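Reader: I'm new to reading protein models. Could you walk me through one?

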Amino acid sequence: MNDTAQLPVLVVGAGVAGLTAALEMAETGHHVVLAEREPVIGGRVARFHRYFPKLCPPTCGLEINARRLEENPRIELRLQTTVTGAQPVDGHWSVTLETAPVHVTGRCTACGLCTEVCPATVSDRLNWGLAEAPAIRRPFPNAWPQRFVLEREACPEGCRACVDACPYDAIDLKAGPGVEEMEVASVVVATGWRPYPLEKLPELGGGVLEGVVSNVQMERLAAPDGPTGGRILIPGTDREPRSVAFVQCAGSRDVNHLPYCSGVCCLASLKQALYVKEQLPECDVSLYYIDRRTPGRNEDFLTRVAGTQGVRLVKGKVGKVERNGDGLELTVEDAEAGKLLHEHADLVVLATGMMPETGDPFGLPRDEDGFAVSDPRRGLAVAGVAHRPADVAASVRDATGAAARALAAAGRRS
Amino acid sequence: MERIGVVLCSGCGIGEALDMEALRGVAEEAGATVLTHPCLCSEEGLAAIRSALDSGEADALVLAGCSPRAQRHLFRFDPEKTVVERLALREMVTWTHPPGDEDTQALAEDLVRMAVAKVEAGKLPVRLQEEIEDAVLVVGGGLAGMEAALAAAGMGHDVVLVEAADRLGGALAGPPVHLPLAPPYDRPQPSRIPGLVEEVKAAGKIHVATSSRIVRITGQPGQFHVTVRGPEGEVELDVGAIVQATGARPYDASRLGHLGYGAFPDVITARELDLMLAEGRLARPSDGKAPQRIAFVQCAGSRDPEHLPYCSGECCAVTMRQILQVSRDHPEVETCVLYRDIRTPGQLEHLYQAAQEGAGAFFLKACVNGVTGNGNGRLTVRFEDSLLPGVEAMEADLVVLAVGMVPNSADGEAIRELHDAQHRAEHGESEVQKEEAQKIAEQLAHHEGTEILNLDYRQGPDLPVLRYNFPDSHYICFPYETRRTGIYAAGAVRAPMDPAQAVEDAWGAALKAVQCIEAARRGEAVHPRSGDLGVPELFLQRCTQCKRCTEECPFGTLNEDVDGTPQLNPLRCRHCGICMGACPERIISFPDYSVDAVSRQIGAIEVPEEDEEKPRILAFLCENDAYPALDAAAQLRRTWNPWVRIIPVRCLGSVNIVWIADALSRGIDGIILIGCTYGEDYQCHYIRGSELANTRLGNVQETLDRLALESDRIRLVELAHDEFQRIPGILDEFAESIGELEPNPYKGF
């Protein structure tokens, strides 16, 4: 079908949406350039512990996708690469791809000798700052590609420890950035999301109180490759919480923060309530919500968690989280009882929403919340959470749809 | 294969930990030409491999170095020319076992022998080259069906769009407005249906057949032969792939008598309100008067185990849209919403805000338990657990029930069970069997005549369904995973969804349909073994018509002829090997994966004499989850017992029981199978592979008991991909338990 369309399609972002769009197009027979800002693929989902409602690990699907990616000669993966410029040319796009310095080259065998000698540590972005990591490392055990990554700015002046340790000459401390101009037939924008910043919720203890974490941090606390090796502990301590409170709509459905609903936080918190109960059966779990949003067959998941002993769902808005002695105190407006509650918790999880990554060189139209809108006439399709708040299954469906739009545009415009 | 090359990599510490000369000797003894390189993944290493292939020195290679999961892109070779096996000496041996140790060396030597045996038995796959049809059949002409048709046509394919009704439009054809598909999200939008119908007609590549149904579909992806019955009789057509977009219908409100539907004319459904608003009026059906207050009852029959246990996901937003329509055209009418949770996810929250603030609707969280007349022409809505203390009822002039959606699907597997039961009831071997079959047939009788696709498949005429009859994929990460290759569900039939999601889903399903056609043309498998070439070969002369393969294939690949002999449809096949595991006669094999090849691998293991006190354990690991978990454990330098010999398999469902018998008769002391979780939330990418393996093991253990071998010698463990912390311990613990048993008495036989 694509014999006439010689130019590749560009996919921006290799999270679950971008990866899906790229794979689906390549397996259909089209050439794809997949640009990813980070040195690894997988985006946000690579940092999740389990998916709702099956409680299956994201790495299982990523395993298959990584294999599909690495075995498919029709995909060219560009890591550490951003699209910095785009010009429409004769019905297609001319784009500028900028690649950050690649200090660990393709010669890396992932043998690990460099990490052993690295004297510098950095705040581990994978773990949302909950842990430190060597400046040169494999970002996480199942990271693709199997190659180490160096955060060069953390290197002590003149240090060459890793270079000297590497038997394969794979480390280049002097590597510079690369720039490339490229013609592409059409574009899938799958730039994803970032979590609403915890620091914007100081009244809920966000960024202020150590026992208050966001839902994305909670994923890391439960993950076997996380900062605690999968043990759910109160941050800053080695204590297990005896009570955990989930604060729903933390900065969502709120005109002062995000006016929309991210559609996934209720399910994410219900899932995390099970993480807690599986590990700490005696721990009390409370979840404070405005509405329990578990559409479709996810209703079964709500029923399952609500029926778990020691899990309490309270319709009420949390107004304040403060330190109280050893623990934390939540002020909750209990909508059903019609009164203010003062509740105790050792660990508070703020269910923060998803914000679309903004800024693209294509000038995509955006809705009032900043989500991008596809523009098929200009050969631009938006996929996943860049497009609308969505869970993984919906993002993947959306991405497959966006791939179809990009191929239709590529065929039409070439 | 004949000319086997073994390339030993000594990099990453392998050379220091192992006696490479001895390893070379082992490979040579096994009949291979051996090459050693200090870094196989370097340019020089890859050049050495290529020159061994180009010179014709080798037609099959064992690359003994790092894991097959490492640097895959560097080790891509033409699968039609070379059989390649990557052996993870680094991960499975030297990173995880003490260097310079006798047991470590024995492990490496066994693994090399096993890899050589495997490639020796391997054959080159022959690429299927079939005539492939380009057209896509779309079943259902509603929003999703028309979008799917436009998508496939947009990608250059001819489309046949079959619709049962006499016109296109589907469930959304009535109302002139619907939920927003794009910004602004705070108001209803004009219906996309009329414009879509025009686009479909103008597209040129889309042939529309209204008032038509599918009579029969035979064949396989790329070669489906479809019979359609329309007003002018039957038409035959050939298509390459199929999208089922048969949508959903509202739940039958006549079953909601407790909410007053049927008893009181002023209790109507949301759809009935839409039809009224479409006519530009708002009047009580009972007396034609304008209502002063409308009560919207959410979750009418939804989230209710007696009716629809699930949430349809769009009724709340539809209510918001209707409130906005009413408030715009009839601002004097009061609107109240009685709800359990307002579910307007994503940007639809703006629609909720508009209904709440802009339209001034009154919202009350309450659980409605009845609607009755109050005697003066109004209705009383009764509820409990309301947020207003003491308030348990409200009067209204019109009650609108937000009823959920029911998929227009057919349960293919249930229909097949029904037909099987009917057949047994008729031709059963005994009266008891006939009676039992009759009972089953009665229980399933409501499936009679529900067929939609009418597939001529052994495993039923329609897509298998998940809970609540949605023919969805079970996979979160692979929503287009389908159990009938080349047939993709789209829109509300596959899962409750709003129109915006249905549109994207339709485009996605169309892409998968087009992709399946292209893959068939290239003779390649589709997901999850995308690109794989080798299809199963059946040596039918030895077939006993036991039907295990036709029954157990998760994808309905095999049909049966009148005698019950399997008939392969290779383009339906997903290459998992479950049929190979099922076959008691061992007559099913893939060129690059066969009962014989694995038997030879087992045969290549050197089993120490009993007095050496070194048990041998065989571990079959699912290559999608368990093997990667062990590989990740190796990257963390976790260690495990050196008695274990690993054989990765495509799926535990492909494990043939004969391998276990082979292993036991060779004196292997214990066998462990590690695969994906099964049951309700199964994680097996071939649906039932690990579950089938478990069932088959149940049968083996009986055999073990008869042979006076302890059943503890065989174990199956479920493991998720991320349980890399757990898997070394599983192997150690199993090895320890085997160590406590007497050695396998069949050693040395």
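Author: Let's begin with overall size, using the radius of gyration, which is taken over C-alpha atoms; the globule rule is 2.2 Å times the number of residues to the power 0.38. Chain A has 414 residues, so a compact globule would have a radius of gyration near 22 Å, and the 23 Å of chain A agrees with that. Along the principal axes, its C-alpha atoms fill a box of roughly 65 × 55 × 35 Å.

Before we go on: this is a predicted model, where local features need pLDDT of at least 70, side-chain atom pairs count only at pLDDT 80 or more, and totals for chains, interfaces and linings use all residues. Residues are numbered from 1 along each chain as its sequence is written, while chains are lettered from A and ligands numbered from 1 in the order in which they are written.

Reader: How many helices and strands are there in chain A?

Author: Helices (H or I, at least four residues) and strands (E, at least two) are DSSP runs, numbered from the N terminus. Chain A holds eight helices and 21 strands.

Reader: What percentage of the residues of chain A count as buried?

Author: A residue is buried if 20 or more other C-beta atoms, placed from the backbone, lie within 10 Å of its own, exposed if 12 or fewer, and partly exposed in between. In chain A, 58% of the 414 residues count as buried.

Reader: Which residues of helix 10 of chain B are buried?

Author: Helix 10 spans residues 349–358 of chain B, and its buried residues are B:Glu349, B:His350, B:Leu351, B:Tyr352, B:Ala354 and B:Ala355. Just after helix 10, B:Gly360 takes a positive phi of about 65°.
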